[in-house]
Amino acid sequence: MTRKEKEYDDIPGTFVFDADRSRQGYWLNQFCISLSKESGRQAFRDDPEAHMAKFKMTEEQKQAVRDRDWNGLLELGGNIYYTSKLGAFDGIVFQDLAAMMSGMSRDDYRKMMVDGGRSPEGNRYKSEWEKK
Amino acid sequence: MAKITAGIACSHVPAIGVAMDQHITDQPYWQPVFEGFDYSREWNKKNKPDVVFLVYNDHCTAFDASVIPTFALGCAAEFTPADEGWGPRPVPVVKNHQEFASHIAQSLVLDEFDITIMNEMDVDHGLTVPLSVMFGDKTPEDEWGTLVIPLAVNVVQYPAPTANRCFALGQAIRRAVDSWDEDINVHIYGTGGMSHQLQSQRAGLINATWDQQFMDILVNEPEKARKISHLEFLRETGSEGIEMVMWLVMRGALDEKVTEVHRHYHVPASNTAVGHLILENHA
């Protein structure tokens, strides 16, 4: 069955974590959440591949974990509240993770936030991004 | 009779908790965030609740992807602050008013809100940050100074419950509280928000105009606020802005007319617009 078009598909730069993504990312997310406990962090530190093997992730998902491909993880069904545990494992603070996902440098992103954040103007519809 | 005397809306940005735990709230970055909480802490001392009914969302702490209840009511004796990946927050254990919580659970189900009952649950920053905002610095050896009944709302997997449903749940919570025959002062918190997007290329979205309008209509025209669609939350306030449905639960539990005694809005705390309201109820 092909994925039905959703009313929120035209929002740019956004993955809405719906049931389709949740099914696709189930084991990836369960792997990520294992890192919120010290026992999981220790197991992943000791042997990353062995720890990942405990979860039925696809090879593509495992590679995105190895590559720390933050947007790729979302595209493969990851949810930010889960993938951020992998970020925390690496010692990355949330704001820097957001900077990486938005393709900005840490300092530029931080400055954008201090200056009031990313404006909704020009960021509501995919069509607005395509014009850029 | 138990009475809901106030509703409090408050963002629960984890970095607010971190700033308090690291004692850096007077740094230039944080000072304007915390300045807006001074009034709230004084107000809270003068209007001390016996019980806080705290509407929040769990961030995959008590509930991982294996169980996703839309509404889960905490009925355990106590709730331990959880390790969310960087160690538990150094704050007190959260204690419940168990008999009252059980009464609310029963009342809600008979009122046709089929909530999940949690007899064991750890709580994360979604619950402890708003308590820190209102009750100030606490160590694990302290007491919070109130009993707390937590209500966890799913806003992680789309769809969250609608604004309208959340408002109606608030009304049902009000009926449950009003039918509890104990002379206690109850505050209800709606937490989360305001505009923020934590993920992907549009991360960092903030919509201050929308946020301020939302606070206006939430306070004065709640019938309008309960009609806000999920699509509007997503598009206008970012993928995580949808947390604001939880403010509707709080508003639904208050009178039609309320008095706004405090409003605070600041951008940013980390990736998020901080919004905060204290609304007094008159019934």
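Predicted model: local features only at pLDDT ≥ 70, side-chain atom pairs only at ≥ 80, totals over all residues.

1. In chain B, 8 strands form an open sheet of mixed pairing, in the order β6-β3-β7-β2-β8-β1-β10-β9. The edge strands, each of which pairs on one side only, are β6 (116-118) and β9 of chain B, and neighbouring strands are turned by 20° against each other on average, direction ignored.

2. At the β6 end, strand β3 (residues 71-74) of chain B pairs with β6(B) in the parallel sense over 3 bridges, and B:G74 stands opposite B:M118 in β6(B).

3. Two helices of chain B pack on this sheet, and both touch β1, β2, β7 and β8 of chain B. The direction of α4 (residues 125-135) makes about 135° with that of β2(B), while the direction of α9 (residues 245-252) makes about 160° with that of β8(B).

4. Helix α7 (residues 80-89) of chain A is largely enclosed by the rest of the structure, because 8 of its 10 residues are buried; among them are A:Y81, A:Y82 and A:L86. The buried residues of α7(A) pack against α2 (26-34), α5 (59-67), α6 (70-75) and α8 (94-101) of chain A, and the helix is followed by A:G91, whose phi is positive, near 80°.

5. The contact between the chains takes 43 residues from chain A and 33 residues from chain B. On the side of chain B that touches chain A, the elements giving two or more residues are α8 (230-237) and β9 (259-269) of chain B, with the largest share, 4 residues, coming from α8(B). By class, that side has 15 nonpolar, 12 polar and 6 charged residues.

Definitions and conventions:
Residues numbered from 1 in each chain as written. Chains lettered and ligands numbered in written order. Contact = placed C-beta atoms within 7 Å. Nonpolar A, V, L, I, M, F, W, Y, C, P; charged D, E, K, R; others polar. Buried ≥ 20, exposed ≤ 12 C-beta atoms within 10 Å, placed from the backbone. Pairing = 2+ DSSP bridges. Axes fitted to C-alpha atoms, helices over the stretch in contact; angles between N-to-C directions.
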